[in-house]
Amino acid sequence: MKKISNVFWITITMLLAATVYAVVAPSSFEQVTANIQAFITSSFGWYYLILVTAMVIFCIVLALTPIGQIRLGKPDERPEYSTASWFAMLFSAGMGIGLVFWGASEPVLHFASNPPLAEAGSDQALSDSMQYSFFHWGLHAWAIYAVVALALAYFKFRKGEPGLISATLVPLFGKKMRGGWGVAVDVLAVFATVIGVATTLGFGAIQINGGLSYLFGIDISFPWQLGIIVVVTVLFMISAWSGISKGIRYLSNTNMVLALILMVIMLIIGPTMLILNLFTNSLGAYAQNLVEMSFRIAPLDEENRSWIDGWTIFYWAWWISWSPFVGIFIARVSRGRTIREFMAGVLLLPSLLGFFWFSVFGSSAIDVQKSGIDLTGLLTEEVLFAVFNEYQFGVILSVLAILLITTFFITSADSATYVLGMQTTNGSLTPSNAVQLTWGLALSTVAVILLSANGLQALQNALIVAAFPFSFIILLMMISTYKSLNQERKDLDL
């Protein structure tokens, strides 16, 4: 068995303490995390906006300069996975459940009930709804993942360092990262990962429950959600046991096929011309207004500022909390690619696919909303199924969506157990099944306990709290990676 590091025991202890607190005093836990979350978003919103935009610029600069020629591995290494499998795995791990959960509901909420700028229901609100959905799920989100993944892949496969977050900071802090400071960095990364993934698993269970409710009339309740998590836990444990080259790769390819089938059917039976026109128009508006949206903090407008805190700042924190997990996983499957190829694959392709996804399902939802059926009064997890209900083959689409959410759920959890196992066995690329299964049970247990205590809101708050200190680590990772890459560029005379 690979040696279990101190990171494992410290993080498990912290999680146990937080979970017990959430169960024993759920109201207090939610209030405390809400107060900290409110302080962070109101006092450091400007910091999040600048930091995440800096990551986008950082990624573009690396891709376009001679540094982009450097390979994430030895000079003669080539990619381990085909481009299609590589893209499927990074997309499934990076966005998965979230796209299905928010694909229809976010645009319709921005249009009909909670617009970023214009009057609800107006043509401008419709345009803004898609533009801001693109913004929240586009280049900025993937740049966060890309920065973390690049640093890990470069130091692991090019420099031979352990596959740990702390190892990426050695050029800045030297031997300190081999001791207690390094352990502290890795504990923070693992803790942020568990909180981020557990939140998303909670969302996944709720949405599968919502779909089953819409199809079969069952209750949306904790017992059903518990049953869903138990079944999915067994499935992702089986996948984790089979290893990354089999379980996750096959599941990721299945995810992509199911997602494309669902999207193509909806494109054909939905408001096709509206979808294509909105996609084109929103893509242009996104490109035109990207800089303005990136720095929009609305200091003189309390209502707009509240919207930015609740949506944009929340999303940036969410992606940051997911970045250790997704970054490590993307790094693991990107060995052998050049930095330029890596950035094109991680930054551009998933963003474009996400944009089209929101155009297809968001436009269809907005079309249903404009026809007189109010989707804003439904629970978020029910919106997608309510949209399907208004089109042909609604039942088939709902079944496909539930299947897709389930496979995304399994892939995310499976990927997370691998990453957590790797981070708590001193960066081993082959963590033992026992460690992975322990983390799998921990993730599911945290999700179940917080769902039972109606703690998803508290978990979302905790997610923002956990992401804040990790954001400083990402900033240091950028500096450290650039320092090392620039030195190598000079050495190679690029």
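Angles under 35 degrees count as roughly parallel, over 145 as roughly antiparallel, 65 to 115 as roughly perpendicular, and the rest as oblique. The legends below apply these classes to a predicted model.

**View 1. Crossing of helices α16 and α17 in the predicted model.** Helix α16 covers residues 394-423, and helix α17 covers residues 433-452. Their axes come within 8 Å. They cross at roughly 125 degrees. The pair α16 and α17 is therefore oblique. The crossing of these two helices is right-handed.

**View 2. Residues in the contact of α16 with α17.** From α16 come Ala413, Ala416, Thr417, Tyr418, Leu420 and Gly421. They meet Val435, Gln436, Trp439, Gly440 and Leu443 of α17. Seven residues of this contact are nonpolar and four are polar. No charged residue takes part in the contact of α16 with α17.

**View 3. Crossing of helices α9 and α13.** Helix α9 spans residues 180-216; helix α13 spans residues 302-333. The two axes come within 7 Å and cross at roughly 115 degrees. Helices α9 and α13 are therefore roughly perpendicular to each other. Their crossing is left-handed.

**View 4. Residues in the contact of α9 with α13.** The α9 side supplies Ala189, Ala192, Thr193, Gly196, Val197, Thr200 and Phe203. On the α13 side, Trp318, Ser321, Trp322, Pro324 and Phe325 meet them. By class, this contact of α9 with α13 holds eight nonpolar and four polar residues. Charged residues are absent from it.

How values were computed: Residues numbered from 1 in each chain as written. Predicted model: local features only at pLDDT ≥ 70, side-chain atom pairs only at ≥ 80, totals over all residues. Heavy atoms only, no water. Axes fitted to C-alpha atoms, helices over the stretch in contact; angles between N-to-C directions. Helix = DSSP H or I, 4+ residues; strand = E, 2+ residues; numbered from the N terminus. Left-handed = near helix turned anticlockwise from the far one by under 90°. Contact = heavy atoms within 4.5 Å. Nonpolar A, V, L, I, M, F, W, Y, C, P; charged D, E, K, R; others polar.
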